[in-house]
Every structure is written in C-alpha cells, then in structure tokens.
Amino acid sequence: MMKRIKRFNVWQTAKVVALMYFLIIAIFMIPLGLIGSIAGGLFDSAFPFGGIMLIFLPFVYGVIIFLMTALGCALYNLISGWVGGIEVEVEVVEE
C-alpha cells in the first residue's frame with residue numbers, strides 16, 4: 001500500500017528534530033568535557049571559555065537545527081505541492 005507524505009507541520013517537526021539533536025550533543029559534551037579537563041587544554045588560558053562553551057553549545061546547536069529543519073520542512077511543503085510528496089510503502093501489521 002503506497003502512501004504519500006503530503007506535508008510536514010513545520011513547527012512541530014522542527015521542535016522534535018531540534019530536541020533530538022540537543023540531547024545528542026548534550027550527551028557527547030559530558031565525555032568531551034571530561035577528556036578536555038583531564039588533558040588540560042580545554043580550560044587553560046588560551047581557551048578560557050571552554051567550560052562555558054560545553055554548556056552553551058547544545059543550546060546553540062539546537063537553535064540552528066530548529067531553524068534549518070523549519071526551513072527544510074517549508075521548502076518540502078512548497079515543492080511537494082508542485083511535484084507531489086515522497087511516496088512510501090506501508091504495511092498494516094496485526095498485533
């Protein structure tokens with residue numbers, strides 16, 4: 001059974017994708033911060049804001065991903081109106 005993705009809800013999709021990326025980046029910042037503090041290069045005088053960047057980077061990345069996803073969804077909705085949406089084949093599974 002073929003189904004077609006006609007459009008995405010721009011704001012809802014952007015929120016979900018941004019939160020997923022925020023969590024992924026936040027999880028990677030923990031070991032990165034530990035390695036940086038052990039190595040000593042992350043918090044020295046040449047890069048004094050290293051610890052602060054580890055905290056704010058997931059937020060900055062989340063905002064950028066939110067904006068890019070919203071733009072991508074809006075473009076998809078526009079283009080799918082011209083040429084049709086992405087077609088996927090789905091299967092109904094009995095539980």
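Predicted model: local features only at pLDDT ≥ 70, side-chain atom pairs only at ≥ 80, totals over all residues.
**First stop: aromatic pairs**

Across the whole structure, a search turns up 4 aromatic pairs. Begin by selecting Tyr 21 and Tyr 61. Their rings make a tilted pair, with 6.2 Å from centre to centre and 50° between the planes. Colour the helices to see where the two residues sit: Tyr 21 belongs to helix α1 (residues 10–39), while Tyr 61 belongs to helix α2 (residues 50–83). The pair therefore links distant parts of the chain, 40 residues apart.

Now show the surface. Tyr 21 has a relative accessibility of 34%, so the residue counts as partly exposed. Tyr 61 is also partly exposed, at 32%.

**Second stop: Phe 22 and Phe 59**

Next, select Phe 22 and Phe 59. The ring centres are 5.0 Å apart and the planes meet at 50°, so this pair is tilted. Phe 22 is in helix α1 and Phe 59 in helix α2, so the pair ties together parts 37 residues apart in sequence.

How accessible is Phe 22? Its relative accessibility is 21%, which makes Phe 22 partly exposed. Phe 59 is partly exposed as well, with a relative accessible area of 47%.

**Last stop: the salt bridge**

Arg 4 and Glu 87 form a salt bridge in which the closest N and O atoms lie 2.4 Å apart. Arg 4 is in strand β1 (residues 2–5) and Glu 87 in strand β2 (residues 86–89), so the pair ties together parts 83 residues apart in sequence.

Notes
Residues numbered from 1 in each chain as written. Heavy atoms only, no water. Phe/Tyr/Trp six-rings, centres within 6.5 Å; stacked < 30°, edge-to-face > 60°. Helix = DSSP H or I, 4+ residues; strand = E, 2+ residues; numbered from the N terminus. Buried < 20%, exposed > 50% of the residue type's maximum accessible area, 1.4 Å probe, protein only. Salt bridge = Lys/Arg side-chain N within 4 Å of Asp/Glu carboxyl O.
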